[in-house]
Each structure stands twice: as C-alpha cells, then as structure tokens.
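Welcome! Please take a moment with the sequence and the 3D view below, and then we can walk through the model together.

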Amino acid sequence: MDDIIVGLDIGTTKVCAVIGELKEDRTINVLGAGSCSYTDGVKKGAIVDIKKTTEAIVYAIEEAEKSVDVSIDSVYVGIAGAHINSMNSKGAIAIKGANNEITSEDVDRAVDNAKTAVQISATHEIIHILPREFVVDEQNEISNPKGMVGSRLEAHVHIITGAVTAIKNLMKSCEMAKLNVEEVVLQQYASSLSALTEDERRLGVVLLDIGGGTTDIIVYKNGHVEYSSSIDIAGSSITNDIAFVLKTSTDKAEELKVNKGVAQIDLADEQNSIEVPVAGGERTKTITQTYLAEIIESRMEEIFVKAK
C-alpha cells in the first residue's frame, strides 16, 4: 500500500517497528507496532552481531504485521550511536538567472557548496544535510528563498554523518530480514519531529533521548537544527551501576530502576524500604528509595554533563 509507512528502531536493548498510515494532510496515523527485546545484538548503538540483530528485526516486523494484518517489505530505519558526528557549514553562490530570481537549482547549488566547504572523514558518510537558514544579499533568517530576488545566496546547513561500517551493517541486517531500506534517519531527528511542537523548535529547545545504550541529543534554534550528537552512556549504564553497588542481578537492577527508581534524590521517599535479593544466594538486603536514588542521580548527572 502506497500510504503505509514503517519505521524501524534498532536499539541496544530492543528492536521496535511501527506501522503508520500517511494521511492527506501529511500527518501519520499509527496503525500498529511490534517489538523484540534482546541484549547482545547491538552495543552502544552499533551492531555487533548481525545474525542476532536480524532475528530481532524479523520478530519485531512479524509482530507489527500481525497487529495490522499487512505485509511489510520496506522500512525507514533509525540510526544513532557514538559514531554520529555533526557540523555546521555554509556556502554561497551568485544568482545569474533572469531577473535574479532564485530557483530550486540555485538553492541546491548553495547547499552543495556548503557541503563541499567541510571535509568529511573517509570513514564517514553523510546521513542528512539540514538547512538552518538562507541569506539573500544581506537579509538573513530566510527559510525558503525560492522565488525571491537577489544577487547572492548563502546557505547555512547542519551536516550529520555516520560511520560507513555502522551504516552498512545496519543496511545488511535489514536486507537479511528481507526488508528494503527506504532511508536511514538520525534517531533523535526523527524523535524531535514527533515529540516537539513547531513553537518549541522555533523558540529553542534541547531534546535528550535516553535509550538503553546511547543518549541522543538534538538542539533546535529558530526552528532549525543547531546541534546533534550521541554519547555512549544511557539507561543500561544506570542498570549496571545499581547491580554493582547493590550486588544484585542485572534483571533485578533493571526492575528496581523501572519500578522504584527516581532520577533525583529530592524526589525519593526515605521511608520507602526496598528488599533487594543479593546475587548468588538467597540472602536479601534492605535499602531505602533514597539510597537507590543516590545511585541513579550520580549517573544521570554524568549523562547531562557529557550531553552539554
């Protein structure tokens, strides 16, 4: 079906597939979804086991297909991880057309000049070139210069790149799952288009997407992407901290984090006692929610500091 779009999120702790229907007003109506939890196919946003990742993709897609009763053969797949790099660049051209009117070709040439103005590592390839603003002669903060009149057009863009090997492994996992990749999309960019309002993007906002293996950051200013990056500290790091400090299993640590944890000590209840089984035996220990919050807050503080 031409109006069906499928998004695939290959994360560190799970793979999710969402099926949406594209409506006439360009909004998307979510029809169904599927997911598969796993722990060792992806590490810190990068695929480390293609076979296990492919199996998880197949399972998530099958679950999504069952929820809607459609067959999926193509996806838009998200990408994230510490290998993601970004930079801002600008390029300018002279307008030579009839009456100095700016055309779509002029816009493309200006954006292309901005792309060639920076050096991309041989180990990376471009994922997105996102226009930030255009300048026509001395008039700036222009979103769409097409049709305007001027002698000089300048394009300011945000360029996002990813490691070639990471992108190829992502594509290969999807191909092995019998899926055609329509486009690779930066995960936090996709999240921002879904979670942020137009006003928030215009006024300026930071979105932090804290996943299992990576925390993905994107910053908007004046309605356009100003900065984006990923760091390899996230939810799994918090779980591991709890397991190490409390000497309990990873599964129990995850359960404590989700059901009893708070990210700030001030929000914890000192009177709330929690029984924690000690790994390797039948012994338990009693802690307070405040103590659990101390463990979590310490790692959260590190995430926010590194995300700056």
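Leaving aside its neighbours within four places in sequence, Gln187 touches Asp9, Gly78, Ile79, Ala80 and Asp216. Please keep in mind throughout that this is a predicted model. Gln187 belongs to helix α4, which covers residues 187–195. Is Gln187 buried or exposed? Its relative accessibility is 14%, and because buried means under 20%, Gln187 counts as buried.

### The chain as a whole

Let us step back for a wider view. The protein chain has 308 residues, and 43% of them count as buried. It holds eight helices and 16 strands. Along its principal axes, the C-alpha trace spans about 85 × 45 × 40 Å. Among contacts between residues at least 6 apart in sequence, 60% join residues at least 24 apart.

Now look for an open sheet of four strands, in the order β7-β10-β8-β9, with antiparallel pairing. Which strands lie at its edges? They are β7 (85–94) and β9 (139–142), each of which pairs on one side only. From one strand to the next, the twist averages 35 degrees.

Inside this sheet, strand β8 (residues 124–136) and strand β10 (residues 152–163) run antiparallel and are joined by eleven bridges. To find one of these pairings in the view, look for Ile129: its bridge partner in β10 is Ile159.

Helix α2 (residues 104–116) packs on the sheet, where it touches β7, β8 and β10. The direction of α2 makes about 130 degrees with that of β7. Helix α3 lies across β8 and β10, and runs at about 70 degrees to β10.

### Two pairs of packed helices

Helix α3 also has a helix as a packing partner, namely α1. The table sets out both pairs.

| Helix pair | Residues | Angle | Axes apart |
|---|---|---|---|
| α1 and α3 | 50–68 and 164–176 | about 55 degrees | 8 Å |

The crossing of α1 and α3 is right-handed. On the α1 side, the contact is made by Ile50, Thr53, Thr54 and Ile57, while α3 brings Asn169, Lys172, Ser173, Cys174 and Met176. Sorted by class, this contact of α1 with α3 has four nonpolar, four polar and one charged residues.

The crossing of α6 and α7 is right-handed. Which residues of α6 make the contact? They are Gly235, Ile238, Thr239, Asn240, Ile242, Ala243 and Leu246, and they meet Thr250, Ala253, Glu254, Leu256 and Lys257 of α7. By class, the contact of α6 with α7 has six nonpolar, four polar and two charged residues.

### Where to look again

Another is Gln187, the buried residue in α4 with Asp9 and Asp216 among its contacts.

Note on methods
Residues numbered from 1 in each chain as written. Predicted model: local features only at pLDDT ≥ 70, side-chain atom pairs only at ≥ 80, totals over all residues. Heavy atoms only, no water. Axes fitted to C-alpha atoms, helices over the stretch in contact; angles between N-to-C directions. Left-handed = near helix turned anticlockwise from the far one by under 90°. Contact = heavy atoms within 4.5 Å. Nonpolar A, V, L, I, M, F, W, Y, C, P; charged D, E, K, R; others polar. Pairing = 2+ DSSP bridges. Buried < 20%, exposed > 50% of the residue type's maximum accessible area, 1.4 Å probe, protein only.
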